[in-house]
Protein chains: 2
Amino acid sequence: MRFLLSIIFVQILYIITCCVATAEDGYDLWLRYNKITDQQLLEHYKSAVHRIELKGSGPAVQIVKEELENGMKGLLGQIVPVNVSSGSSKNDTLQNGTIVFAIIDENGIPFSDNLGGGFPEIREKSAKLKDEGFLMKSIEIQGNNILLIFAKSEAGILYSAFHFLKLIQTHQNITDLSVLENPKTDYRLLNHWDNPDRTVERGYAGFSIWEWHKLPGYVSPRYKDYARANASVGINGTVLTNVNANARVLTPQYLGKIAAIADVLRPYAIKVYLTARFSAPVELGGLKTADPLNKEVRNWWKTKIDEIYKYVPDFGGFLVKANSEGQPGPQNYERSHAEGANMLAEALDNHGGIVMWRAFVYSFDENEDRAKQAYNEFKPLDGKFRDNVMVQVKNGPIDFQPREPFHPLFGAMPKTPLMMEFQITQEYLGFATHLVYLASMWKECLESDTYAKGEGSTVATVIDGSLYNKNISGMAGVSNIGADRNWTGHPFAQSNWYALGRLAWDHTLTEAEIADEWLRMTFSNNKDFIAPVKEIMLFSREASVNYMTPLGLHHIMGEGHHYGPGPWVDQAAREDWTSVYYHRADENGIGFDRTKTGSNAVSQYYKPVEEKFGDPGSCPEKFLLWFHHPDWDYTMNSGRTLWEELCHKYYKGVSMVRDMQEKWNAAEGLIDRERFVHVKSLLAIQLEEAEMWRNACLLYFQQFSGRPIPKQYEKPSGSLEFYKKLDFRYAPGNLHCE
Amino acid sequence: MRFLLSIIFVQILYIITCCVATAEDGYDLWLRYNKITDQQLLEHYKSAVHRIELKGSGPAVQIVKEELENGMKGLLGQIVPVNVSSGSSKNDTLQNGTIVFAIIDENGIPFSDNLGGGFPEIREKSAKLKDEGFLMKSIEIQGNNILLIFAKSEAGILYSAFHFLKLIQTHQNITDLSVLENPKTDYRLLNHWDNPDRTVERGYAGFSIWEWHKLPGYVSPRYKDYARANASVGINGTVLTNVNANARVLTPQYLGKIAAIADVLRPYAIKVYLTARFSAPVELGGLKTADPLNKEVRNWWKTKIDEIYKYVPDFGGFLVKANSEGQPGPQNYERSHAEGANMLAEALDNHGGIVMWRAFVYSFDENEDRAKQAYNEFKPLDGKFRDNVMVQVKNGPIDFQPREPFHPLFGAMPKTPLMMEFQITQEYLGFATHLVYLASMWKECLESDTYAKGEGSTVATVIDGSLYNKNISGMAGVSNIGADRNWTGHPFAQSNWYALGRLAWDHTLTEAEIADEWLRMTFSNNKDFIAPVKEIMLFSREASVNYMTPLGLHHIMGEGHHYGPGPWVDQAAREDWTSVYYHRADENGIGFDRTKTGSNAVSQYYKPVEEKFGDPGSCPEKFLLWFHHPDWDYTMNSGRTLWEELCHKYYKGVSMVRDMQEKWNAAEGLIDRERFVHVKSLLAIQLEEAEMWRNACLLYFQQFSGRPIPKQYEKPSGSLEFYKKLDFRYAPGNLHCE
């Protein structure tokens, strides 16, 4: 007995010594394989997973083996042998509790009957398998329960493995499965706005994770962790460099560095993309022009692209920001965006690369409503782009505001595949200090009906290519990843990275489903934790809209760094960079008239939408001030006047943050101390800043409304002058060098 | 038996589940309490440490308790109770194996006889105790072996606890101790060149760890880890901000942030200091002048300083860079450095603060040898500074070059306490990619004999105040800490942070002793690892001198970013920012004549030194080209010509790096894989860059020497043109915004 106790003692020591000082820092994201504490559940999974057969070969297969072994070791606390073999053997004898992962070919299942060959449902499902998809089917053979997981590619098997692990991480059933998963979009990308000096434009989680200076000599282990996290949510490409592009990334010096990163990402089925600076032929090639129709220019790009493929054989292609915000482009040479894009696309086509050409353009000279310009420029180009070009369109017509109506280009270019550009990094949504779950915003956009082909022509159907049967489709998210230990600064900003990947894979998932699985994997399966915290996530975006830009207000933030409120901003390099240009507040009312009597931006939408948005009566109040300029006394659905409603919304936003705090405080003890405290401190900052937004904006607009803030509300603590004087010169994401 | 096995199995599971995925990333620095694997040793320590009595109170005492409990849990794998009580009880009954930590008062030992009162040696030693010191004495009472550890302050107890833990970490004897430790310098500081935008001037380990934007709302747990690491090596102060100062850090907005950091550092006996921008009264106060003799200006500073102490009651004081490299200062108003420093010092004196006034000055107009200017300006001011001012002098007269002779100011200002400024960050020593152990360089400087009061007047005796019995003394290191996970970028750069602290505490320690204890704590006590790797460290600095700037060459690096070789740099904002200004290579020879026939900088040293340096015959060859301009055919001690010797040194430097690689490769398997691979990749980069330095410099100087590179050496792989064309615009530490 004493001997026994001593063993238990030693055991405890191991735990102590080996776990001492490993504080929870969020680095592991949602990829946590902590042992299941519910004994019953644990036993269930143990009996369901006795051994794993992994049939296939290639680098990804090795990764799957690793991942599954670690996963089982962690989750079940026992070693489950993963037996790798290529193809099938005629007599696979399968014990009870065997999981079979297998790469199959186009013809379906090359396996013996007892590997599912005898199951018509499997044959039928496997016929529907797309290249990156996978299917899972629980079967019973001779009384043995077996789970078959089939895919057509290494990527598919990789995704299926993470899916399988997720089922256990989130305590789902794995014994009665019948799953067919195919990605809804082909190109699921992150866009890094990372510069060669390691600053990140609109990055709020520290320096860039790309240590350019040390590459290729030193390859940070973090690149592999990055690849793994992305693969686990189905992201299959990443643009390494900023859209405000630097030609140097195309020099051999940098291509060597890029190749080193690509080598780490490749086994995780992630391709590397770059941003192409349109003037590179001049800057690097010493040519006199970058005219896309110029022979030398075309040759320069062809040669350069061939060179890139020598470094990165599976290079994905280019993301291009041209003739926008000072970036060079084809228009400098009186050529169209299509002519510019096609030049690159042609040279890339030889290698299977693509061009993602951004529609985010607004010209310097034109003083047309900025919201209209992208449509005006690109609609006429429909049909003029090569097949391997996608036009990448932001969710809304301005610029990633807390709330915008969907972009009028969606549905307006039937002959052109449009790629969605969401912004994961919270440039206008509280940086890395506000808890704002963005899936709600993205779903709102994806489910918006364009009526392009009548009712049901949602933005999602444009993006996934189904509306106009496009053969390529894609969704991109502007990354919020930085060198901060927890990757994204705010622990909950991880959920936005996660959600982007999940929605790119399947836009039919609800924001609640995504929040639920993310919370379970990232924090805990404890329902006392999940329920209230999921609520926080689901109303967090509406809260931010309320305390920042309610009722369709937009672009009223601080200038340059975009931090904090700045409705008073009336001086900038261009009129449409000011706030007054957008809110147009005066003694009569507030809002941007975009109807016939104004800029008539509504006319860019299909009739039913135009009519709905065009009439203040039918226009959803959340977009009222986006499209209209009502009087301060305009009566809202609530019966309140516009001014009262504005006050109501701003105060509501702040009280919602207080609600977030209460709910979060109740979670104390249900998760690790470190992340609990981290989020708690950030929520305190969020409350402070929400109050700053509310007070600054209401005091500012009050100058025009001339009406009092209803007395049921607490008085703003500071004066308007106080808020105007606040100086946030060193706010991150907008590095200002002395 | 099966039951037993199952327990062992469970045990193994715990290890697996709890240790899975915790890869070694270097974050723990030298503070590792991994269980001792040598069973005999383990038993020895276990028997020596049964319980710990901790007598005293205060925040530091709580930290000591934590630290000792974690330490024992980790190192011995068993819980050793730490019993905290204030003062002593008359009848302390001490069992065998008790460790007593006690804070005692000036009068010595308030404890009962069995707490050492009866031991004259202890009474005697404790009388010698300085405020931050500690003593350790093993005694035997009634057959019980007891270790008494006494200190006069919380700081002293804190230092003694880390010392005690270090003895066990490094496998030293703890049963027969008789130790008296007092710090040799009073102010042991880090200087952070960190900017409010989180960039770090000359920082090579990522962003600043100070997350200004989120402070004070979010206080990163990293600040505590930072404080703990510094306290463990006796550092008792830190200057948070860059010497190229930004006045905004003195605004209430930032003082609130600074207070939050100070609150975390305080329990670790670390004071916060700031850099004072001399023109702040104009920039913040709206005054017309910053003239230090102007009444309003003096009042402004007094009020500002009183305000600072409201935020940080134990604020340490100011570090000031004035009238240097564009920084404003008293000379803008025809006032002396002393008048500027004294103004601040007077206001700080009321609160016990100090001023550290940098001697790193060289004027724009003067075209005097830059090496002479600090001396010329400051020597005449000796005796003019207030008592709470220290003049902070860099180790050499130029600027942290791989090798410089000691600064002539050392010993030249008998009436002024001189503080040493070393540079931990490797601005001129390979950034965070070269393994260069700097203790060798610092010891070389500290042990240099100034002959100020005859032989034995070493720089160390100036710095510790003993030569001229100063009542304050100090040593500062320009920090190499950044947001990189392992703090310093290069795993071995941690040793330089460590060494700075150790030398500030006790400059008589040898570089080998410091390397030995750092290696044991940071990596392993395995002598097969220690011996060769210690060798690497000890010759690493000489290697870097050889492949960068042998024989007294200096300041021939790339312009601006200071990365890589740039002997050809002949254009810069000022002549003494070029390389040609320093190496002066021509057909006749190479080197800067600083004798009578030249700038006569040698005359700034005391006679014996002047004579030694002044004559090429007696001048150490390592300084030859610093002080002389010999012919290319000048005969060196080796019998080689100067040109041949130059080639020899450069090639030697590269071969030394190869030697480092061989020795390191032999360490594979003796330490964790992660850090082994990390260092291995960085050594490969170091070799590449060493070859780049060698080839670029020799090919460049060969233009003047007109002599061949002796054929026993491999030919440079690139041409001079090739090396001149290399462009490292985005080299870190010199952030260049677009």
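This is a predicted model: local features need pLDDT of at least 70, side-chain atom pairs count only at pLDDT 80 or more; totals for chains, interfaces and linings use all residues.
**Domains of chain A**

- Chain A splits into domain 1 (39-181), domain 2 (187-522) and domain 3 (546-592 + 629-724).
- Notice that domain 3 is written as two stretches, 546-592 and 629-724.

- Where do A:Y204 and A:F431 sit along chain A? A:Y204 is in the loop between β7 (187-191) and α6 (222-232), and A:F431 is in the loop between β13 (418-423) and α12 (439-446), so the pair ties together parts 227 residues apart in sequence.
- Are these two residues buried or exposed? A:Y204 has a relative accessibility of 8%, so it counts as buried. A:F431 has a relative accessible area of 3%, so it is buried too.
- Over in chain B, B:Y605 and B:F627 make an edge-to-face pair, with 6.2 Å from centre to centre and 75° between the planes.
- This pair also links distant parts of its chain: B:Y605 is in the loop between α17 (580-583) and α18 (607-614) of chain B, while B:F627 is in helix α19 (residues 624-627) of chain B, 22 residues away.
- B:Y605 and B:F627 are both buried.
- Rings can also join up in a group: ring pairs link A:Y27, A:W30, A:W210, A:Y223, A:Y226, A:W487, A:W497 and A:Y498 into a cluster.

**Charges over rings in chain B**

- B:K394 has its charged end over the ring of B:F360, 3.2 Å from the ring centre.
- B:K257 does this with B:Y254, where the charged end sits over the ring at 5.6 Å from its centre.

**Two helices packed together**

- For helix α9 (residues 295-311) and helix α10 (residues 337-349) of chain B, the angle is about 40° and the axes are 9 Å apart.
- Because of that angle, α9(B) is oblique to α10(B).
- The crossing of α9(B) past α10(B) is right-handed.

**Sequence distance versus space**

- A:V654 belongs to helix α20 (residues 642-665) of chain A. Its relative accessible area is 0%, so A:V654 is buried.
- A:V654 and A:S544 are 110 residues apart in sequence, and their C-alpha atoms are 8.6 Å apart in space.
- A:G352 is in the loop between α10 (337-349) and β11 (354-358) of chain A. With 46% relative accessibility, A:G352 counts as partly exposed.
- From A:G352 to A:L190 it's 162 residues along the chain and 19 Å between C-alpha atoms.

- Most residues other than glycine have a negative phi, and most peptide bonds are trans. Here are some exceptions to look up.
- A:L215 and A:P216 are joined by a cis peptide bond, with omega at about -5°. A:P216 lies in the loop between β7 and α6 of chain A.
- Chain B has a cis bond between B:L215 and B:P216, with omega again about -5°. B:P216 is in the loop between β7 (187-191) and α6 (222-232) of chain B.
- A:H562 isn't glycine, yet its phi is positive, near 65°. You'll find A:H562 in the loop between α16 (527-548) and α17 (580-583) of chain A, and with a relative accessible area of 13% it is buried.
- B:Q142 has a positive phi as well, near 45°. Buried or exposed, then, is B:Q142? B:Q142 is exposed, at a relative accessible area of 68%.

Note on methods
Residues are numbered from 1 along each chain as its sequence is written. Chains are lettered from A and ligands numbered from 1 in the order in which they are written. Side-chain values use heavy atoms; hydrogens and water are left out. Domain bounds come from an automatic or database domain assignment. Helices (H or I, at least four residues) and strands (E, at least two) are DSSP runs, numbered from the N terminus. Buried means under 20% relative accessible area, exposed over 50%, partly exposed in between (1.4 Å probe, protein chains only). Rings of Phe, Tyr and Trp (its six-membered ring) pair if their centres lie within 6.5 Å; planes under 30 degrees apart count as stacked, over 60 as edge-to-face and the rest as tilted. A charge sits over a ring if NZ of Lys or CZ of Arg is within 6 Å of the ring centre and within 35 degrees of the ring normal. Axes are lines fitted to C-alpha atoms, for helices over the stretch in contact, and angles run from 0 to 180 degrees between N-to-C directions. Angles under 35 degrees count as roughly parallel, over 145 as roughly antiparallel, 65 to 115 as roughly perpendicular and the rest as oblique. A crossing is left-handed if the near helix is turned anticlockwise from the far one by less than a right angle, and right-handed if clockwise.
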